Amino acid sequence: MAQFLFTHLAKLNNCKDWEARSCGTAAESFFPIPSGVHTALKESGIFNIEHTPRQVTRDLLAWADIILAMTKGHRDFLLNQYPEFTPN
């Protein structure tokens with residue numbers, strides 16, 4: 001959901017080179033997008049929603065200029081599993 005909202009807002013604000021990639025700490029590719037997420041995104045003007053959940057990887061973290069975690073638990077997991085991405 002965050003990826004879709006970010007991309008939508010970036011486009012609305014002419015931030016053409018801004019890109020987001022979503023991944024999770026417990027994501028599985030067979031997880032469906034919850035109906036509530038579809039509803040919330042449609043209410044924000046986002047209608048074409050195709051997404052396959054994917055697990056976080058070093059490559060995805062290395063790609064990012066900024067890494068945002070949804071919860072403290074997610075952040076702690078990332079810092080523990082990928083200490084090379086610990087902020088200075």
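Modeller: By class, the lining of the largest pocket holds 28 nonpolar, six polar and five charged residues. Ala, Val, Leu, Ile, Met, Phe, Trp, Tyr, Cys and Pro count as nonpolar, Asp, Glu, Lys and Arg as charged, and the others, Gly among them, as polar. The model is predicted: local features need pLDDT of at least 70 and side-chain atom pairs count only at pLDDT 80 or more, while totals for chains, interfaces and linings use all residues. Residues are numbered from 1 along each chain as its sequence is written, and side-chain values use heavy atoms, with hydrogens and water left out.

The lining has 39 residues. Ala-2, Arg-21, Ser-22, Cys-23 and Leu-68 lie nearest the centre of the pocket. The largest share, four residues, comes from α1. Helices are DSSP runs (H or I, at least four residues), as strands are (E, at least two), numbered from the N terminus. The volume of the largest pocket is about 1,300 Å³.

How is a pocket found? On a 1 Å grid over the protein atoms alone, a pocket is an open set of points where a 1.4 Å probe fits, with protein on both sides within 12 Å along at least five of seven lines; lining residues have an atom within 4 Å of a point. Grid points are joined across faces, edges and corners, and a volume is the space filled by probe spheres set on the points.

The second largest pocket has a volume of about 150 Å³. Among the residues that line this second pocket are Leu-61, Leu-68, Arg-75 and Phe-85. Its lining divides into nine nonpolar, no polar and one charged residue. Here α4 gives the largest share, three residues.

Now the chain as a whole. The protein chain has four helices and zero strands. Its C-alpha trace spans about 35 × 30 × 20 Å along the principal axes. Of its 88 residues, 17% are buried. Buried means under 20% relative accessible area, exposed over 50%, and partly exposed in between (1.4 Å probe, protein chains only).

Next, the core. The largest nonpolar core consists of five residues: Phe-4, Val-37, Leu-41, Ile-46 and Ile-49. Such a core is a set of buried Ala, Val, Leu, Ile, Met, Phe, Trp, Tyr and Cys residues joined through side-chain atoms within 4.5 Å. Leaving out residues up to four places away in sequence, Phe-4 touches Leu-41, Ile-46, Asn-48, Ile-49, Glu-50 and His-51. Contact means heavy atoms within 4.5 Å.

Back to α1, which covers residues 2-12 and includes Thr-7. Thr-7 counts as partly exposed because its relative accessibility is 41%. The Thr-7 side chain reaches the backbone oxygen of Gln-3 at 2.9 Å.

Last, the loop between α1 and α2. Asn-14 lies in this loop. Its phi is near 55 degrees, a positive value in a residue other than glycine. Asn-14 counts as exposed because its relative accessibility is 60%. Ala-26 sits in the loop between α1 and α2 too. With a relative accessible area of 56%, Ala-26 is exposed. Apart from neighbours within four places in sequence, Ala-26 is in contact with Phe-31 and Gln-55.

Key
Polar contact = N/O pair within 3.5 Å; in protein donor to acceptor, adjacent residues only side chain to side chain.
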